[in-house]
Amino acid sequence: EMIDLNTRLRNEAQENKNAHTQLKTLFENIDEVFFTVDMINQKILQISPACESIYGYTIEEFLINSNLWFDVVVEEDKDIILKNYPMMFAGQRFSHEHRIKTKSGEIKWIVTKITPTLDEQGTLIRIDGVTADTTERKAAEEKIQRSEKIMSEAERIAHRGAHLHFTRSVG
């Protein structure tokens, strides 16, 4: 019986090790930034390597300056983040989309989804989140909006021209 228990424990340990390795591989290779922040100590507990491709800053730079994520937000968009603080402190999940200025000076659009964790007393103790680069999608949306505006203007002009032509024909 002890041998069976020992074998089972070894198998479970190996399964846990395999699951941990798979999760670590996913965490290190996904395009989105995954992060966890200790809100009591205002300290980033973990952040995925994708922070460098999205923000242009290394994991170490985020760990040294736990406010770096906010420092890079374009000034005009900081209110987007601040208006979500009440939801965060109430333990409600939320997301926001805003612009950042990367280390190289490039402006990017990102969307961040936040899941706050409160303790038994209702104090915010941790946030977990994921950030994705939405720059290409935003550029495509803006291109579509410009095209729609041009098309609308062209239709307005065409309608006006047809109306003028009709008025002259009748008159």
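The structure holds 4 aromatic pairs. This is a predicted model: local features need pLDDT of at least 70, side-chain atom pairs count only at pLDDT 80 or more, and totals for chains, interfaces and linings use all residues. Residues are numbered from 1 along each chain as its sequence is written, and side-chain values use heavy atoms, without hydrogens and water.

Trainee: Is the aromatic pair of tryptophan 69 and phenylalanine 70 stacked or edge-to-face?

Mentor: Rings of Phe, Tyr and Trp (its six-membered ring) pair if their centres lie within 6.5 Å. Planes under 30 degrees apart count as stacked, over 60 as edge-to-face and the rest as tilted. Here the centres are 5.4 Å apart, with 70° between the planes, so the pair is edge-to-face.

Trainee: Does phenylalanine 70 count as buried or exposed?

Mentor: Buried means under 20% relative accessible area, exposed over 50%, partly exposed in between (1.4 Å probe, protein chains only). Phenylalanine 70 has 14% relative accessibility, so it counts as buried.

Trainee: What separates tyrosine 85 and phenylalanine 89 in helix H6?

Mentor: Helices (H or I, at least four residues) and strands (E, at least two) are DSSP runs, numbered from the N terminus. Helix H6 covers residues 85-89. Tyrosine 85 and phenylalanine 89 are 4 residues apart in it, so the separation is about one helical turn.
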